[in-house]
Amino acid sequence: MAKIKGAVVVNTERCKGCDLCVVACPPHTLALSKEANTKGYNYAYMANPDSCTGCASCAYVCPDACITVYKVKL
Amino acid sequence: MEETKLMKGNEAIAEAAIRCGCDGYFGYPITPQSEIMETLMALEPWKTTGMVVLQAESEVAAINMVYGASACGKKAMTSSSSPGVSLKTEGISYIASAELPSVIVNVMRGGPGLGTIQPSQADYFQAVKGGGHGDYKLIVLAPSSVQEMADFTCLAFELAFKYSTPAMILSDGIIGQMMEKVILPPQQPRMTEEEIRQKFPRATLGKPADRKPNIITSLAIESEVMEKTNFRLQAKYREIEKYEVRYETYLCEDAEYLMVAFGSVARICKTAVEEARKEGIKVGVIRPITLFPFPTKILAEYADRVKGILTVEMNAGQMVEDVRLAVNGKTPVEFYGKMGGIVPAPDEIFEAFKKQTLK
Amino acid sequence: MNITEIIHPANLVYKKPDVLNDTPMHYCPGCSHGVVHKLIAEIIEENNWQEKTIGVAPVGCSVFAYNYLDIDWQQAAHGRAPAVATGIKRLLPDRLVFTYQGDGDLAAIGTAETIHACNRGENITIIFINNAIYGMTGGQMAPTTLENMKTSTSPAGRNIELNGYPLNITDLLVKLRGTCYVTRQSVYNVAGVRKAKKAIQKGFENSMAKKGTSIIEIVSTCSSGWKLTPDASNKWMVANMFPAYELGDLKDI
């Protein structure tokens, strides 16, 4: 089966660190960063980028539409 | 040849609304103005001009339907009577703040509370001083005949759109219920959406690609923004005061005394004045037609020349305050009023005049 | 294939819909409002309805929806959105007109307007966010607040004798013959988001096809009002709100 690789880009300024994407991410790719954005929110980021499959679960549940999702078949 | 008909004041409003291209009427039953909606429903204008006529579940719902329609640049109106107008005042404040061209008819009845269904003028303050919350004004037209009920319906829309602000027709149970001859205006076509886009570019008709969204709102969390809205509203009201004052004078040229009255009471005063003239007393009547903008200037001018003024109203004394403000102490301003739906007769007005005003 | 190669327009799977503009939304972190706004924006964009849509935003946290979705909007007085929408739809019958109301707006002050708009079968879609609290004003008890649920005006928990029962308004609206589609959804997880989007899409289609009134209730969270984290709010909602406000289509004619 062709391997699928994904990646997400988080709009770190728009993110409010609500954690729902982290909870929703099946392969646990995402986590909240130690750094905070200018509003003081610990934004989401790909802690384990290799595990991302581009399934966009994070983007579906994100209340602020911060996440852009990419996917490619290898 | 223009049609001359015999009908009630309420019916004249309905007929005139259709003819001046009204797009939507939203109403609710309340005596003494239910004939407005009854007439509209019987005439079925949706089959001819396409005008929407809808009976709402309350006066509150009705005024908010008007808000929705007006914000689309449509000619929308509602009508009610005193208690119903009180229910509408929140909506009216929203309409004034959002600067929408809505028309509201109040066919006044005796109050306060449920009151009576007999005529009254006791909502003058509510209409003129702004019945709802916040600094706002309504253009207020006070008809005194069935003809004016028709004419002012069209005039109210004209002024509402000219200044993008709500206008009120402040009538009463007498004029609403009595029948008189009336010449109805010719049928005007309803505005097309293209005309609306020109005349009312803020209208929420759906956002085409080439403009930003239209947002009709009266909310501004930042007080600087709210202050700006208020500056804009006040400037508008000054403009209206400058250009839209309307009044009628009757036998005032040689008048040594004046009666000031609006609506139906002004007609009763005319009879009282005629009685006085028979006894050689030179009295005239000034009838404010626009209650806002109030005819302050003309009253101030006459105040220099007359020995006394009697204001006559069907309330406990409301417009008299504005008369006094206009006259500013230059001549005595007395008041004679009837409350609870009682209508003053010409001779009792004449007696009051002799007792309170005549030197 | 490293990350920078994957992140390429050709490989795009999902991005924020343009109808949802770049203004940061004021909602609390994790609030369901944001998700529902995003879904509405996606639907309007996908169906190219931007030029035909007029939204009505009454008082509540979501009154500021008009700052976030680039369509024409009218702000309505608290509780009066269904009446405002009636005025619009009756005068502009070919437009897509929807209201976006909270539970206090729809089931307390605006009960009459809601019921009568539905009873007249106005061809509008009512998006009903039920988070059992008045969010904007700081977390007061709402008509849908559950028994024993703590709010700023039921600090000891909603007391039935004092405050009456939680009002399941959607069950009433099903009985009104003017409603064509009545459903309860939630955006608490991916599956929920997908279903909610389909439901809103169906509501909008019903409105355009003039089939009557569509009610889309979204059982939602209010993490600051409930004093829980966003994730804990979702879990609390599943455990407590879902039994009282069961998800699923209640009517679809």
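Colleague: Into which domains is chain B divided?

Modeller: In this predicted model, chain B has domain 1, covering 3-194, and domain 2, covering 248-356. Their centres, taken over C-alpha atoms, are separated by 27 Å.

Colleague: How many residues of each are in contact?

Modeller: Domain 1 of chain B contributes 30 residues and domain 2 of chain B contributes 24. Between them the two domains bury about 2,100 Å², with 56% of that on carbon and sulfur atoms.

Colleague: How many salt bridges are there between the two domains of chain B?

Modeller: The count is 3 salt bridges. B:Arg267 pairs with B:Glu180 in a salt bridge, where the closest N and O atoms are 2.5 Å apart.

Colleague: Which elements supply the domain 1 side?

Modeller: At least two residues each come from helix H5 (124-128), strand E6 (139-141), helix H6 (146-163), strand E7 (167-172) and helix H7 (173-177) of chain B. The residues on that side of domain 1 of chain B comprise 17 nonpolar, 7 polar and 6 charged.

Colleague: Turning to chains B and C, what area do they bury between them?

Modeller: Chain B and chain C bury about 2,700 Å² between them, 60% of it on carbon and sulfur atoms. The contact involves 37 residues from chain B and 32 residues from chain C.

Colleague: How many salt bridges and polar contacts are there between these chains?

Modeller: Across the interface of chain B and chain C there are 3 salt bridges, and 16 residue pairs are in polar contact. B:Glu193 forms a salt bridge with C:Arg95, with the closest N and O atoms 2.6 Å apart.

Colleague: Which elements of chain B supply the side that touches chain C?

Modeller: Several supply at least two residues each, among them strand E2 (24-27), helix H4 (82-97) and helix H8 (193-199) of chain B. H3(B) gives the most, with 7 residues. The side of chain B that touches chain C divides into 19 nonpolar, 9 polar and 9 charged residues.

Colleague: Within chain C, is C:Asn131 buried or exposed?

Modeller: C:Asn131 counts as buried because its relative accessibility is 7%, under the 20% limit. C:Asn131 lies in the loop between strand E5 (125-130) and strand E6 (133-134) of chain C. Beyond its neighbours within four places in sequence, C:Asn131 is in contact with residues including C:Asp103, C:Cys222 and C:Trp226.

Colleague: Why is helix H3 of chain C largely enclosed?

Modeller: Helix H3 (residues 81-91) of chain C is largely enclosed by the rest of the structure because 10 of its 11 residues are buried. Among them are C:Pro82, C:Val84, C:Ile88 and C:Lys89.

Key
Residues are numbered from 1 along each chain as its sequence is written. Chains are lettered from A and ligands numbered from 1 in the order in which they are written. This is a predicted model: local features need pLDDT of at least 70, side-chain atom pairs count only at pLDDT 80 or more; totals for chains, interfaces and linings use all residues. Side-chain values use heavy atoms; hydrogens and water are left out. Domain bounds come from an automatic or database domain assignment. Contact means heavy atoms within 4.5 Å. Buried area is the accessible area (1.4 Å probe) that two parts lose on being put together, summed over both. A salt bridge is a side-chain nitrogen of Lys or Arg within 4 Å of a carboxyl oxygen of Asp or Glu. Helices (H or I, at least four residues) and strands (E, at least two) are DSSP runs, numbered from the N terminus. Ala, Val, Leu, Ile, Met, Phe, Trp, Tyr, Cys and Pro count as nonpolar, Asp, Glu, Lys and Arg as charged, and the others, Gly among them, as polar. Buried means under 20% relative accessible area, exposed over 50%, partly exposed in between (1.4 Å probe, protein chains only). A polar contact is a pair of N or O atoms within 3.5 Å; within protein, one must be able to donate a hydrogen and the other to accept it, and residues adjacent in sequence count only if both atoms are side-chain atoms.
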